[in-house]
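I opened my notebook for another look at a structure today. Here is what I looked up, in the order I went through it.

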Amino acid sequence: MFRSKDLLGIKELTSEEIYHILDTAAGFKDVLRRDIKKVPPLRGKTVANLFFEPSTRTRTSFELAAKRLSADVVNFSVPASSVIKGETLKDTALTIQALGADFVVIRHSSAGVPHFLSRIENISVINAGDGANEHPTQALLDLFTIQSHKGKFRGLTAAIVGDVTHSRVARSDIYALTKLGANVRIICPPTLVPAEIGKLGVEIFDSMEKGLRKVDVIMMLRLQLERQGKGFFPSLEEYFNLYGLTAERLKLAKDDAIVMHPGPMNRGVEIATDVADGPRSVILEQVTNGLAVRMAVLYLLAGVKK
Amino acid sequence: MKILITNGRVMDPRSNTDGRLDVLIEGTKIRGLYPEGGGPEADRVIDASGCIVIPGLVDMHTHLREPGFEYKETIKSGTMAAVKGGFTTVCCMPNTNPVNDTMAVTRFIIEKALKEGCCAVYPIGAITKGLKGEELAELEMLARTGCIAFSDDGRPVTDSLIMRRALEYSKIFNMPVISHCEDLKLSEGGVMNEGFVSTIVGLKGIPNAAEDIMVARDLLLADLTGGRLHIAHVSTEGAVELIRNAKHRGVKVTAETCPHYFTLTDESLVSYDTNFKVNPPVRGVKDVEAVRRGLKDGTIDAIATDHAPHHVDDKNVEFDRAAFGISGLETAFSLGLRLVAEGILDLMQLIRKMTVIPSEIMKINSGVLSEGADADIAVINMHKKYRVDSSAFLSKGRNTPFDRWTLEGVVEKTISRGKVYEWD
């Protein structure tokens, strides 16, 4: 079923592969509802979590997913500064190989690093976010969450709101949703629209009022607070005025629209607290689904002949 | 020592010679050209059957890295790579350590090249002290010591007033000011061309405008001052059009491009192979087409290599952190031949853009194959195919995006100041 030993991005997946992951994740979600949540398929396997960027949620989610599958987990948290001091990526790759890990879960601020590591034989590389390229397991858990509420993708309209230019989540979501037949809009200031992104078949809006109209899914992006003062927008206040998701704006979407966010949220910057905590929010469900999806990915990649 | 080259097709763009001739070399000079088979006795006869016999190529844009970065390249290794690629003259950029902004560094390069080099080396002096863009280097002293042009290559001269002064002051020496055109604010953090491909690979892009804006500025300053401007490594459609228009207006401007800009597009970057990382970046299809048109209609005068060798440790890292640059001396002519095969240039035009035109821009005597000229000659088997093998490069820099490409045009022999270089 799976052609590749690695999960580098959604770009590389077929829609069949995506559905296969979602179906497998559904099985693991059942496991997670049980009293005893641990299953044996990865017993004796080692998962190395290699995080060159700070991340609590994704790392914890992968760690827990691996442990639920009975794998051994080692965590390397490598602040970027220590890399600059010495160890090159090549050395990191050699170290992982020498340690005999079966999986490496990699997050890095530079796009293409998982691809670099994927040249190591006999090891499955899972991209947990590389620069502004992709964050495939986030998109998969987003799909899983959408599917559980909407039952399908074809004909749905999803709006992705925020800093699309610097967002790997946005890119992976765009590939995922368009592959499965959903309509995708992006809503963001023109300073944060990636070059020629229209070629991916998305509609581009610079206004929430126009972009949110009649959508089924609203996917908010985290605004990196360090972007302010870089000329993308004059102030956080103005950003919220134009692109913050408020209860008022939520009314523009369909009555049963769901609100998503990859976390961690900046309340009052991209999303109003009452919306984040409101009945349409599925943000915590996303976290739970993340676990099931990551179990599915580990499980399926373990079955690929290396 | 007399050497006779026979059975070859001799082509010399300056005299428009193209015919089956014998070439006699005596010592370091070309003694004469004779009808095929009519050459006099010689100590050695080189059979150039199936080959073109052309002036040694002239690269007006080379990074030899010495002094300071000998782990990337040396004058010795760089000139060995040059003759392997058919070049007998290279003009080396001043972004060494220390920067070539003083007579001492210029003299060091010239003397080292005479002692260890395989071909003629002409230093290019810095425009500004330390390449900082703040105050002019001592251009007269650099010129007197042997620099033939000025450039802060690798960096633009950001301050328009300094660039104006450079273009004015260099008129004393009638030497070109070579501009690396880049708006550093627009390109900040960028590692590849900005466009659809940068969006899908998630790498920060450098827009065409970063180049075009500086080309436009420098053309306006050349117009204002009457100074001689040479635009390095043209990569965009906009730059080609701006230069074309300026030439029509009579601005004293010349321009070069490099093989990667007429051969590659940013599509290649999807593999994250850092050997494709170069500044300016390889651009889109429209730009490649515009650069080719510019070569064809003469807007782009010359083909240079921008040979930028790097150590593997500078390339085998994250794409964002990898060094910019391509090791280009050993593949340049073969890539140029692809333009001939595609009908964009005829063979004589290609040779002209790689010999006599860069020589004329730099006001040096190289790039000529005629009686009395220096015995700088390349013997090239045009139709022989080979597979590029970067591990066999004579350059220390194995950073080529063309590794494992099959190309035509094997340099069988290069004769540099009468000395014959040949390889197995």
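This is a predicted model: local features need pLDDT of at least 70, side-chain atom pairs count only at pLDDT 80 or more; totals for chains, interfaces and linings use all residues.

Chain B carries 50 positive and 59 negative charges, and I found their mean positions 2 Å apart.

**Surface.** Next I looked up the accessible surface of chain B, which comes to about 15,300 Å². Carbon and sulfur atoms account for 50% of that surface.

**Overall build.** I counted elements next: 14 helices and 18 strands in chain B.

**Interior.** I then checked burial, and 63% of the 424 residues in chain B are buried. For contacts in chain B between residues at least 6 apart in sequence, I wrote down that 75% join residues at least 24 apart.

**A parallel sheet.** I traced an open sheet of five strands in chain B, with parallel pairing and the order β9-β10-β13-β14-β15. Which strands sit at the edges? They are β9 (150–151) and β15 (302–303) of chain B, each pairing on one side only. As a reminder to myself, strands of a sheet pair through backbone hydrogen bonds.

**B:V317.** I moved on to the loop between α11 (312–315) and α12 (332–341) of chain B, where B:V317 lies. Is B:V317 buried or exposed? Its relative accessible area is 8%, and under 20% counts as buried, so B:V317 is buried. Leaving out residues up to four places away in sequence, B:V317 touches A:F116, B:T274 and B:A322. I checked B:T274 in particular: B:V317 and B:T274 are 43 residues apart in sequence, and their C-alpha atoms are 8.0 Å apart in space.

**B:T74.** My last stop was B:T74, in the loop between β6 (57–62) and α1 (75–84) of chain B. B:T74 also counts as buried, at 14% relative accessibility. Which residues does B:T74 touch, not counting those up to four places away in sequence? I listed B:L64, B:E66, B:T79 and B:K396.

Key:
Residues are numbered from 1 along each chain as its sequence is written. Chains are lettered from A and ligands numbered from 1 in the order in which they are written. Side-chain values use heavy atoms; hydrogens and water are left out. Helices (H or I, at least four residues) and strands (E, at least two) are DSSP runs, numbered from the N terminus. Buried means under 20% relative accessible area, exposed over 50%, partly exposed in between (1.4 Å probe, protein chains only). Contact means heavy atoms within 4.5 Å. Accessible areas come from the Shrake-Rupley method with a 1.4 Å probe; for residues, only the protein chains shown count as cover. Lys and Arg count as positive and Asp and Glu as negative; His and the chain ends are not counted. The place of a charge is taken as NZ of Lys, CZ of Arg, CG of Asp or CD of Glu. Two strands pair if DSSP finds at least two bridges between them.
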